[in-house]
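Dear colleague,

Please find below the structure that I am passing on to you. My notes on it follow directly after it.

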Amino acid sequence: MRMLIIGPPGSGKGTQAARISDRLGLVAISTGDIFRDNVRRETPLGVEAKKYMDAGDFVPDSVTNSMVRDRLAADDVREGFLLDGYPRTAAQVTELDDILRENALTLDVVLQLTADDDELVQRLLNRAVQDGRSDDNEKVIRHRLGLYHDQTEAVVSQYDERRIVTKVDGIGPIDEVTERVMAALKVTS
Ligand code: B4P
């Protein structure tokens, strides 16, 4: 299966992506995780990305697209992948279409996780206490949510027109959300 997981910050993308990739044996690729790993290692990509991430802005498409292009050219994704956090802009959708066409791959499912803004802010403020992520403070969280509504919802609409979106309610205990995801993907345990 080749799938995307899309949702607002805090909706459980990273949380559920780890569980889905475990259960289905898919290679999970999170652009946020790749950026954070580069920030930690202080690579040139990390130094560039950190400026945007700390402000809650999208890392520029030029940087993000080439990173994803390289990753999707690797052999381990040919049998299936779960892309988490990409695409987030209309331009990234176009780029992903090109990358998949060049690698003779198609997309099967776009999983959309939903949750309301107040719940999302609360979850991310909790994560700030637990993990100390530099982009989890209320001002930056609200900015990230605004970007999701302004730009990434349009991405979901594009995939909706292709009839490949499966919507799952992300509210509730994490295990319950996982079961909803598996049911929506028609995977039996
Ligand atoms: P991401 O790493 O994608 O960060 P995120 O949107 O906050 O989601 P994440 O996956 O981490 O959180 P989750 O919902 O699982 O991106 C970070 C930054 O990287 C972006 O702001 C941007 O700057 C940059 N970036 C990434 N991709 C990019 C792209 N394509 N283009 C440009 N820039 C890009 O979980 C959140 C919290 O909620 C966790 O603490 C979790 O424990 C909790 N939680 C999850 N499910 C829950 C549940 N059911 N109930 C209660 N709590 C729950």
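Helices and strands are here DSSP runs, numbered from the N terminus, with at least four residues (H or I) for a helix and at least two (E) for a strand. In those terms, Arg-163 lies in the loop between α7 (138-161) and β5. I return to that residue below.

The model is a predicted one. The mean pLDDT of the chain is 95, and 99% of its residues reach 70 or more.

Overall architecture

The chain holds eight helices and five strands. Their order along the sequence is β-α-β-α-α-α-β-α-β-α-α-β-α. The C-alpha trace spans about 40 × 40 × 30 Å along its principal axes. The radius of gyration is 16 Å, which agrees with the value near 16 Å for a compact globule of 189 residues. Of these 189 residues, 44% are buried. Among contacts with a separation of 6 or more, 75% are between residues 24 or more positions apart. The chain exposes about 9500 Å², of which carbon and sulfur atoms supply 48%.

The strands

Strand β3 (residues 81-84) is covered on both faces: Phe-81 and Leu-83 are buried on one side, and Leu-82 and Asp-84 are buried on the other. In a regular strand the side chains alternate between the two faces of the sheet. Strand β3 pairs in the parallel sense with strand β1 (residues 2-6) over four bridges, and Arg-2 stands opposite Phe-81 in this pairing. Strand β2 (residues 27-30) also runs parallel to β3, joined to it by four bridges; here Ser-30 has Asp-84 as its bridge partner.

Strand β1 is in turn joined to β4 by four bridges, and these two strands run parallel. Within that pairing, Ile-5 stands opposite Leu-111. Strand β4 also pairs with strand β5 (residues 165-169), in the parallel sense and over five bridges, with Lys-167 in β5 as the bridge partner of Gln-112. Five of the six residues of β4 are buried, so this strand is largely enclosed by the rest of the structure.

Ser-21 has its place in helix α1 (residues 13-24). Is this residue buried or exposed? Its relative accessibility is 13%, so Ser-21 counts as buried. Leaving aside neighbours within four places in sequence, Ser-21 is in contact with Leu-26, Ala-28 and Leu-82.

Helix α4 has twelve residues and reaches 16 Å from its first C-alpha to its last, close to the 16 Å expected at 1.5 Å a residue. Its buried residues are Val-63, Thr-64, Asn-65, Met-67, Val-68 and Leu-72. These pack against β2, α2 (31-41), α3 (44-55), β3 and α5 (90-102).

Arg-71 also lies in helix α4 and is partly exposed, with a relative accessible area of 25%. Beyond its neighbours within four places in sequence, Arg-71 is in contact with Val-27, Ile-29, Asp-76 and Val-77. Arg-71 and Thr-89 are 18 residues apart in sequence, and their C-alpha atoms are 18 Å apart in space.

Backbone features in the loops

Most residues other than glycine have a negative phi, and most peptide bonds are trans.

The peptide bond from Tyr-86 to Pro-87 is cis, with omega near 0°. Pro-87 has its place in the loop between β3 and α5.

Glu-42, although not a glycine, has a positive phi of about 55°. This residue lies in the loop between α2 and α3 and counts as exposed, at 65% relative accessibility.

Arg-163, in the loop between α7 and β5, likewise has a positive phi, of about 60°, although it is not a glycine. With a relative accessible area of 75%, Arg-163 is exposed.

Yours sincerely

Definitions and conventions
Residues are numbered from 1 along each chain as its sequence is written. This is a predicted model: local features need pLDDT of at least 70, side-chain atom pairs count only at pLDDT 80 or more; totals for chains, interfaces and linings use all residues. Side-chain values use heavy atoms; hydrogens and water are left out. Buried means under 20% relative accessible area, exposed over 50%, partly exposed in between (1.4 Å probe, protein chains only). Two strands pair if DSSP finds at least two bridges between them. pLDDT is the predictor's confidence in each residue, from 0 to 100. The radius of gyration is taken over C-alpha atoms; the globule rule is 2.2 Å times the number of residues to the power 0.38. Contact means heavy atoms within 4.5 Å. Accessible areas come from the Shrake-Rupley method with a 1.4 Å probe; for residues, only the protein chains shown count as cover. The expected span of a helix is 1.5 Å times one less than its number of residues.
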